[in-house]
Each structure stands twice: as structure tokens, then as C-alpha cells.
Amino acid sequence: MTSAAVANPLLGVEHLSKAFSGVHAVDDFGFTVERGAIVGLIGPNGSGKSTTIDCITGFTAADLGTVMLDGVSLTGARAEQVAQAGMVRTFQNVRVYDRLSLIENVLIARQAYDNVSWWQILAASPACRTAEARARDRGRELIHLVGLAAMMEFPAAFLSYGQKKLLALAMTLMSDPKIVILDEPLAGVNPTVIRRVATLIRSLNDSGQTFIIVEHNVQFIMDHCSKVVVMEQGRKLAEGPPALIREDERVLHAYLGKADAVAMELAFHGR
Ligand SMILES: Nc1ncnc2c1ncn2[C@@H]1O[C@H](COP(=O)(O)OP(=O)(O)OP(=O)(O)O)[C@@H](O)[C@H]1O
Ligand SMILES: [Mg+2]
């Protein structure tokens, strides 16, 4: 990582705060994401990870704080504006359109980012038809990439939970985003799909895609992330490369007595 990349991060979040009826879900939290990084965001249940993601992607209004993406302020921006600026996310509870086919799902995902205006769509203008054909090709390519090509025209309802997570990942990629944020991509997913997700993230990252990954699978985070940010009770407990986080007694302590303690212990001392 060059000093320029560190001085000029792709994403910078500062002083982020969000309370729900007096509960400080996120409390003066900040972190940076460097270009081309895979940043892991971990922390015990209820530590504020999803609320952080909801706030920076405009799905929840933050009480305080600033968000800068690639030199552009996204502070207070709505979800569509954040997506158009190049930051897209998946949800902890996977969201796909069950009644629509896989290809229709990815095409819907892309509509939010298109520059084709309503009158061009109504008139089925050449610009619109070209955009449509291009999007369909890209959609097919992405469904192939996530390994679901055999089910291209099937309703998404036919997919397993893990396959829906793969489809959700393909949907984020339709807009050629600057940052993809995955909220618990591995939860409820079998080991085969976990391996597929790992391979996909690695190969996309090799081509320059930046990721933020929220996960309780600490081993996965330690193995694949260039930097790990640890939250506890809405605040930042630690931030650094996996090798340093692994040695940080405060982090292990934060997990003690929690359901994640065993995973954390394994990630710290299991090799
Ligand atoms: N919409 C809401 N209304 C009230 N409280 C909320 C809301 N969303 C989150 N919280 C509270 O904010 C805190 C942080 O929750 P959040 O979902 O961000 O944690 P998390 O780190 O993502 O947890 P998990 O690992 O279980 O997904 C928790 O105490 C939670 O109960
Ligand atoms: Mg969460």
C-alpha cells in the first residue's frame, strides 16, 4: 500500500453516530477503506456493524458524521444517490425478488444506476435498446460468474439460501461499483458456497474491486482481508492488518462469553 493510497482513501467515514431511542448503536465511529482493499468489519452481536452499513449507504439517517467516497461527500445522501455514486451493498437478510428470474433480478438491480431517462424508455429509443442489450449481456456474464447459469431463467424462489446470497452478490456488481459491501455473506451458507464466495471475492479483488465484508466467520476475515476493523458497543475497538488484530488481547476479550468466542479463539490461536 503506497502512502498516497493511505492519505487518500477511497472511503472515509468520520464521527458516525446513530442512536435508537437512547441506545447508542453507533457512537463516534470512523474508519477508512483504501482503494483495492478488502476490509473486514467484525464485532460481537449488536456492536453496530449493520447500523454502520445502513448509515453510510443511506438506508438509515445518521445522527452525526461524515462519509466521503472518492472525494465526493455522501453525508446525508439517500440510498439511490449512494448507489449511483458507486457504493452498493447486500443485506444481512438476503433480499432478492423471489418471483422474478435470475436475469430479471440482476436487470432490476442495474436500473438504479442507468442514465437512460424515462422518456427514452417509453419511446424504446436506440440508446435505451442498446443499454438494455448491454445490461442483459453483463447480467448473464455475472450469473455465470457466481455459478448460477443453469438457473438463469428460473424464479429466484427456486434458489437455496446460499444461492440467493450469490445472486445478491451478482446484483451488486451490475453497476461496476467502486465499493461492494457484504453484510454477513456467509451466514447460513454451506462450506461449498463459502469456498465459492471466497474464490469470487479473491478474483474480483485481483481485478481491482474494493470490498467491505461484515462477518462473524472470523477465520474467513483473517484469511482474506487486508485490514480488519473491530467494533464494540458502537465504537472502534481496533483497526489494523489481520496479523496485528490476531495478537490484540482487547479483541479476544470483547468476544469472551459471546457466541463468537470459539470462532475468535480459533482464528487467533488455531494454527
Ligand atoms: N431499527 C432499530 N431500532 C432499535 N434498535 C436498533 C435498530 N437497529 C439496530 N438497533 C440496535 O442497535 C444496536 C446495534 O445493532 P446492529 O444490528 O447494528 O449490530 P450488528 O453489529 O450488526 O449485530 P449482528 O452481528 O447481530 O448483526 C443493537 O443494540 C440493536 O438492538
Ligand atoms: Mg448485523
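Leaving aside neighbours within four places in sequence, S101 is in contact (heavy atoms within 4.5 Å) with M152, E153, F154, P155 and A156. The model is predicted: local features need pLDDT of at least 70, side-chain atom pairs count only at pLDDT 80 or more, and totals for chains, interfaces and linings use all residues. Residues are numbered from 1 along each chain as its sequence is written, and side-chain values use heavy atoms, with hydrogens and water left out.

**Setting of S101**
- S101 belongs to the loop between β6 (87-89) and α4 (102-111); helices (H or I, at least four residues) and strands (E, at least two) are DSSP runs numbered from the N terminus.
- With a relative accessible area of 7%, S101 is buried (under 20% relative accessible area, 1.4 Å probe, protein chains only).

**Sheet**
- An open sheet of six strands has the order β6-β7-β8-β3-β9-β10, with mixed pairing; two strands pair if DSSP finds at least two bridges between them.
- Its edge strands, β6 and β10 (235-240), each pair on one side only.
- Strands β3 (residues 38-42) and β8 (residues 210-214) run parallel and are joined by four bridges.
- I38 is placed opposite F211 in β8.

**Ligand 1**
- Helix α2 (residues 49-56) gives the most to the shell around ligand 1, with three residues.
- An N or O atom in the side chain of N45 is 2.8 Å from an oxygen atom of ligand 1.
- For S50, a backbone N or O atom lies 2.9 Å from a ligand 1 oxygen atom.
- A polar side-chain atom of T51 lies 2.5 Å from an oxygen atom of ligand 1.

Technical notes: Chains lettered and ligands numbered in written order. Buried < 20%, exposed > 50% of the residue type's maximum accessible area, 1.4 Å probe, protein only. Polar contact = N/O pair within 3.5 Å; in protein donor to acceptor, adjacent residues only side chain to side chain.
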